[in-house]
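Reader: I'd like to go through the aromatic rings in this one. Can we start with the charges over rings?

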Amino acid sequence: MYAIPLGDDGAELRPLEPWRAQEFLAHMDRGRKFIGQYITLADAVTDLESSRSFLQGYADKAAADTGRIHGIWADGTLVGGVLFRTMDIAQGTAEAGCWLEPAAVGRGLVTRAARVLIDWAVEERGIHRVEWLAAAANGASIAVARRLGMTRDGVLREYRLHRGERLDIEVWSVLAPRWRADRQARRAGHGS
């Protein structure tokens with residue numbers, strides 16, 4: 001399969017397919033506590049069967065053009081990922097998301113990977129609006145949304161039940177014209 005370089009540090013973005021279920025499970029086991037703080041992924045992938053099923057669900061979404069999932073590899077190890085949880089090509093909308101194990105935090109991996117995925121969605125699939133939903137307490141995810149040039153649309157109060165607690169969810173988004181303008185500015189050396 002293919003691998004997309006994410007910079008000069010050797011990090012790569014690759015499709016996260018069902019045949020990688022064992023590697024995905026090992027990654028979840030390394031980062032389960034950290035990853036599960038705000039998202040349900042760590043609770044959904046608990047054994048080889050659930051790992052394979054989760055990845056197959058995204059393979060089915062990719063085949064139907066309703067979602068995508070890619071892993072982030074650093075130093076040859078799966079350390080996180082980015083995805084389109086949903087994609088509605090007819091409406092031109094998609095919801096992006098991410099996760100990362102603790103050992104990979106602070107290297108800009110999610111921001112770089114999300115840029116690749118959003119570039120693809122905007123330019124290749126005609127997506128007009130990319131949303132990013134994050135628990136209000138998840139400062140790291142909100143920081144990624146800001147670095148991606150997203151605008152905070154609002155807060156869905158007590159929107160998601162996670163591990164017995166109702167979480168406020170911030171909604172961030174970027175529209176295709178803004179995305180293209182920001183990308184052009186980055187290429188010209190005027191942004192990060």
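**Rings and charges**

Author: Arg14 lies over the face of Trp73, 4.6 Å from the ring centre. A charge sits over a ring if NZ of Lys or CZ of Arg is within 6 Å of the ring centre and within 35 degrees of the ring normal.

Reader: And which ring does the charged end of Arg186 sit over?

Author: The ring of Trp179, with 5.2 Å to its centre.

Reader: What should I know about the model itself?

Author: The model is predicted, so local features need pLDDT of at least 70 and side-chain atom pairs pLDDT 80 or more, while totals for chains, interfaces and linings use all residues. Residues are numbered from 1 along each chain as its sequence is written, and side-chain values use heavy atoms, with hydrogens and water left out.

Reader: Now ring pairs. How many aromatic pairs does a search of the whole structure find?

Author: Three. Rings of Phe, Tyr and Trp (its six-membered ring) pair if their centres lie within 6.5 Å; planes under 30 degrees apart are stacked, over 60 edge-to-face, the rest tilted. Phe24 and Phe54 are stacked, at 5.8 Å centre to centre and 25° between the planes.

Reader: Where do Phe24 and Phe54 lie?

Author: Phe24 is in helix 1 (residues 21-35) and Phe54 in helix 3 (residues 48-64), so the pair ties together parts 30 residues apart in sequence. Helices are DSSP runs of H or I, at least four residues, numbered from the N terminus.

Reader: How is the pair of Phe54 and Tyr58 arranged?

Author: Tilted, 5.4 Å centre to centre with 45° between the planes. Both residues lie in helix 3, four residues apart, about one turn of the helix.

Reader: Is Tyr58 buried or exposed?

Author: Tyr58 is buried, at 8% relative accessibility; buried means under 20% relative accessible area (1.4 Å probe, protein chains only). Phe24 is also buried, at 0%.

Reader: Which residues do ring pairs link into a cluster?

Author: Phe24, Phe54, Tyr58 and Trp99.

How values were computed: Helices (H or I, at least four residues) and strands (E, at least two) are DSSP runs, numbered from the N terminus. Buried means under 20% relative accessible area, exposed over 50%, partly exposed in between (1.4 Å probe, protein chains only).
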